[in-house]
Amino acid sequence: MIGNITPQMPEKLVAYLRPGAPGLLLTAGADGYATSAFTWILSLDAGRLRFAVDEGGSTMANLQRSGQAALQIIGPGDISFLVKGRARQLKPKLDGAAPYVIQLWEMEVIGAKDQSWPGVSTSALAYEWPAEQREAMLKMEQAVYKEMRDCK
């Protein structure tokens with residue numbers, strides 16, 4: 001461990017992400033500037049994460065170009081991590097996300113930085129769907145997490 005950076009994710013982060021949670025996917029554009037996109041993330045183990053990427057956007061292009069990514073995860077209590085690694089596409093289209101075209105990517109973790117502050121509590125990053133879409137979107141979200149977890 002170097003300071004607050006570990007080569008794998010600590011168990012509290014793995015446990016938080018095991019069922020799936022929203023987060024921010026960070027990539028670098030061809031111009032060198034950072035880009036961010038909301039995404040769904042889940043952990044398979046301390047060294048692997050899976051996340052969703054919208055087809056056709058700059059985030060997808062950045063990942064295809066470099067394979068480098070970082071995921072910002074903010075959860076309840078003291079869960080605040082930046083996880084970096086190498087990413088590769090696993091599936092070009094998640095069936096559970098239809099009618100949207102969303103890809104499945106997997107990251108091999110090379111570092112997890114604990115960004116929490118002693119005595120400071122965070123609120124989890126969360127999606128708040130419009131009332132008329134809430135039930136359908138929550139159902140889709142759970143279908144996506146299941147497919148992300150089950151993909152071989």
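Analyst: A salt bridge here is a side-chain nitrogen of Lys or Arg within 4 Å of a carboxyl oxygen of Asp or Glu. The model discussed below is predicted.

User: Why is the pair Arg48 and Glu106 called a salt bridge?

Analyst: The closest N and O atoms of Arg48 and Glu106 are 3.9 Å apart. The cut-off is 4 Å, so the pair counts as a salt bridge.

User: Which parts of the chain does this pair tie together?

Analyst: Arg48 lies in strand β4 (residues 48-54) and Glu106 in strand β7 (residues 102-114), so the pair links parts that are 58 residues apart in sequence.

User: Is Glu106 buried or exposed, and what about Arg48?

Analyst: Glu106 has a relative accessible area of 7%. Buried means under 20%, so Glu106 is buried. Arg48 has 32% relative accessibility and counts as partly exposed, because that value lies between the 20% and 50% limits.

User: What other residues belong to the network of salt bridges around Arg48?

Analyst: Asp45, Arg50 and Arg88 are linked with Arg48 and Glu106 in that network. Asp45 meets Arg48 at 3.0 Å, N to O, and Asp45 is partly exposed at 30%.

User: How many salt bridges are there in the structure, and what makes the pair Glu11 and Arg18 one of them?

Analyst: The structure holds 9 salt bridges. The side chains of Glu11 and Arg18 meet at 3.6 Å, N to O, which is within 4 Å and therefore qualifies. Glu11 has 52% relative accessibility and counts as exposed, because the limit is over 50%. Arg18, at 38%, is partly exposed.

User: Why is Glu141 said to have no salt bridge?

Analyst: The nearest side chain of opposite charge, that of Arg134, is 7.6 Å away. The limit is 4 Å, so Glu141 has no such partner, although it is buried. Glu141 is placed in helix α3 (residues 134-150).

User: What does the side chain of Glu141 make with the side chain of Trp40?

Analyst: The two side chains make a polar contact at 2.8 Å. This passes the distance test, because the limit is 3.5 Å. Leaving aside neighbours within four places in sequence, Glu141 is in contact with Trp40, Tyr127 and Trp129.

User: How do you know that β5 and β6 pair?

Analyst: Strand β5 (residues 68-74) and strand β6 (residues 80-91) share 7 bridges in the antiparallel sense. Pairing needs at least two, so the strands pair. Gln68 has Arg86 in β6 as its bridge partner. The two strands form a hairpin with 5 residues between them, and Gly77 in the turn has a positive phi of about 75°.

User: Which bridges join β6 to β7?

Analyst: There are 10 bridges between these antiparallel strands, and Leu82 has Lys113 in β7 as its partner. Pro99 sits in the loop between β6 and β7.

User: What makes the peptide bond from Ala98 to Pro99 stand out?

Analyst: That bond is cis, with omega near 15°. Most peptide bonds are trans.

User: Which residues touch the most other members of the largest nonpolar core?

Analyst: Of its 24 residues, these are Met9, Leu17, Leu49, Phe51, Ile73 and Val83. The elements that give two or more residues to this core are α1 (11-17), β2 (21-28), β4, α2 (58-66), β5, β6 and β7. Apart from it lies another core of 14 residues, including Trp40 and Cys151.

Technical notes:
Residues numbered from 1 in each chain as written. Predicted model: local features only at pLDDT ≥ 70, side-chain atom pairs only at ≥ 80, totals over all residues. Heavy atoms only, no water. Buried < 20%, exposed > 50% of the residue type's maximum accessible area, 1.4 Å probe, protein only. Helix = DSSP H or I, 4+ residues; strand = E, 2+ residues; numbered from the N terminus. Core = buried A, V, L, I, M, F, W, Y, C linked by side-chain atoms within 4.5 Å. Lys, Arg positive; Asp, Glu negative; His and termini not counted. Polar contact = N/O pair within 3.5 Å; in protein donor to acceptor, adjacent residues only side chain to side chain. Contact = heavy atoms within 4.5 Å.
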